[in-house]
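My notes follow in the order in which I looked things up.

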Amino acid sequence: MTDSKALILGASGTVLTPQERAFFQGEAPWAFILFARNLSEPEQIRDLVADLRDCIGRPDAAVFIDQEGGRVQRLRPPLAGHYPPADVLGRIHASDQQAGIRASWLMSRLHALDLMQYGINADCLPVLDVPIEGSHDVIGDRAYSRDPQAVAVLGKAAADGLLAGGVMPVIKHIPGHGRAFSDSHHALPVVDASLEELRNHDFLPFKALKDAPAAMTAHVVYTAIDAENPATTSPRAIRDFIRGEIGFDGLLMSDDLSMKALSGDFATRTRASLAAGCDVVLHCNGVMEEMAPVAAAAPVLSGEAKQRATRAMAAIANGGDDDRIALRREFEDLIAA
């Protein structure tokens with residue numbers, strides 16, 4: 001078995017092409033990520049997940065997905081349950097704190113049950129961004145609340161629910177995307193808040209979940225931290241704030257390298273993200289012409305990055321099984337109330 005590269009990659013469709021199979025075998029990415037384009041029916045999903053792992057000779061490799069609820073839910077009924085966006089949980093929490101925390105845990109525990117039946121063992125959730133008035137809707141109802149303390153407790157419950165089911169939570173988008181006035185999928189957001197504002201608001205949920213196994217960076221420039229580079233490619237943002245002040249020491253993955261917020265060619269984006277302090281880079285769209293230069297520029301996972309990847313996988317080794325029907329009934333009762 002070859003050593004894994006510091007890469008998370010996507011496939012183009014519901015089955016691997018011969019070219020993809022050979023590419024993944026040769027490049028040995030550490031993990032994969034799935035999108036709606038990869039998902040058609042239960043057996044197909046299981047077969048694709050198994051094929052991806054078989055390519056790299058690692059039957060326990062991480063397979064990620066964005067399964068939040070609301071508009072960001074790659075697996076939809078009948079492939080998985082229907083779930084509300086995070087702000088519904090925040091509204092429950094605002095009127096009954098314990099009910100909100102329980103609903104957040106239950107929703108993630110149900111996500112884990114949905115995902116694990118297909119072999120998917122990592123979910124890019126919880127969203128710990130705290131929106132402000134007027135910020136771009138790219139976060140919007142994906143956020144639990146505009147109160148950082150509420151975001152922290154609901155995010156913690158969500159992460160715990162995934163872990164209880166053997167699924168790796170990924171806190172995002174560190175150190176905070178809530179102030180962005182543009183969508184980093186299409187443009188580079190610039191946040192001019194002071195360090196004091198960031199510390200008292202944006203950083204708080206991430207600090208509360210600093211022991212999470214994995215986190216995803218924000219493609220956002222914070223002028224108080226580094227006026228030149230988004231956090232993903234900023235050594236100062238990662239070293240001094242994500243690792244230093246926030247204290248996160250888990251696996252740090254970039255957000256998607258194909259997003260328009262980043263500049264430079266794909267090899268440049270890859271090298272800049274890793275040089276800044278990301279442990280692994282994420283490329284999502286499955287386009288071979290983009291993946292090839294990303295893979296060529298990515299090194300073998302080693303040193304502290306490899307240790308963090310190993311710890312992240314160990315965190316999900318002990319997920320149990322629960323009564324899906326009872327959990328679903330309890331969750332739906334809380335949402336209805």
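I counted a residue as buried under 20% relative accessible area, as exposed over 50%, and as partly exposed in between. The model is a predicted one.

**Entry 1**

I began with Arg91 and Asp87, which form a salt bridge with their closest N and O atoms 3.2 Å apart. Asp87 has 22% relative accessibility, so I put it down as partly exposed. Arg91, at 53%, counts as exposed. Both residues belong to helix α3 (residues 86–95) and are four residues apart, about one turn of the helix. An α-helix has 3.6 residues a turn, so residues three or four places apart point the same way.

I then asked which residues of α3 are buried. I found Ala86, Val88, Leu89, Gly90, Ile92 and His93. The buried residues of this helix pack against α4, α5 (148–164) and α11 (324–336).

**Entry 1: other salt bridges**

How many salt bridges does the whole structure hold? My search of the whole structure returned 23.

One of them joins Asp51 to Arg21, with 3.8 Å between the closest N and O atoms. Asp51 sits in helix α2 (residues 42–56) and Arg21 in helix α1 (residues 18–27), so this pair ties together parts that lie 30 residues apart in sequence. I noted both ends as partly exposed: Asp51 has 28% relative accessibility, and Arg21 has 30%.

Asp240 and Arg236 make another salt bridge, the closest N and O atoms being 3.2 Å apart. They are four residues apart in helix α7 (residues 235–245), and about one helical turn separates them. Asp240 is partly exposed at 28% relative accessibility, and Arg236 is partly exposed at 33%.

I also looked for charged residues linked in a network. Salt bridges connect Arg243, Asp249, Asp279, Glu304, Arg308 and Arg311 in this way.

**Entry 2: the barrel**

Next I traced the strands. Eight of them close into a barrel with parallel pairing, in the order β1-β2-β3-β6-β7-β9-β11-β12.

β1 pairs with β2 in the parallel sense over four bridges. Ile8 has Ala31 of β2 as its bridge partner, and Gly10 has Ile33 of β2. β1 also pairs with β12 in the parallel sense, here over three bridges. Leu9 has His283 of β12 as its partner.

**Entry 3: from strand to strand**

I followed the chain from β1 onward. β1, α1 and β2 form a right-handed β-α-β unit. The chain then crosses from β2 through α2 to β3, and this β-α-β crossover is right-handed.

β2 and β3 pair in the parallel sense over four bridges, and Phe32 stands opposite Val63 of β3. Strand β3 (residues 62–65) runs parallel to strand β6 (residues 122–123), and two bridges join them. There, Ile65 has Asp123 of β6 as its bridge partner.

Two helices went into the notes with the sheet. Helix α8 (residues 266–276) packs on the sheet and touches β1 (5–10), β11 (251–256) and β12 (280–283). The direction of α8 makes about 145° with that of β12. Helix α9 (residues 288–297) lies across β1 and β12, and runs at about 170° to β1.

Last, I looked at the nonpolar side chains. In soluble globular proteins, nonpolar side chains tend to be buried together. The largest nonpolar core here has 108 residues, and those with the most contacts inside it are Phe24, Trp30, Phe64, Leu75 and Ile120. Helix α4 (residues 97–116) gives the largest share of this core, eight residues.

Technical notes:
Residues numbered from 1 in each chain as written. Predicted model: local features only at pLDDT ≥ 70, side-chain atom pairs only at ≥ 80, totals over all residues. Heavy atoms only, no water. Salt bridge = Lys/Arg side-chain N within 4 Å of Asp/Glu carboxyl O. Buried < 20%, exposed > 50% of the residue type's maximum accessible area, 1.4 Å probe, protein only. Core = buried A, V, L, I, M, F, W, Y, C linked by side-chain atoms within 4.5 Å. Pairing = 2+ DSSP bridges. Contact = heavy atoms within 4.5 Å. Axes fitted to C-alpha atoms, helices over the stretch in contact; angles between N-to-C directions. Right-handed = clockwise from strand over helix to strand, strands pointing away.
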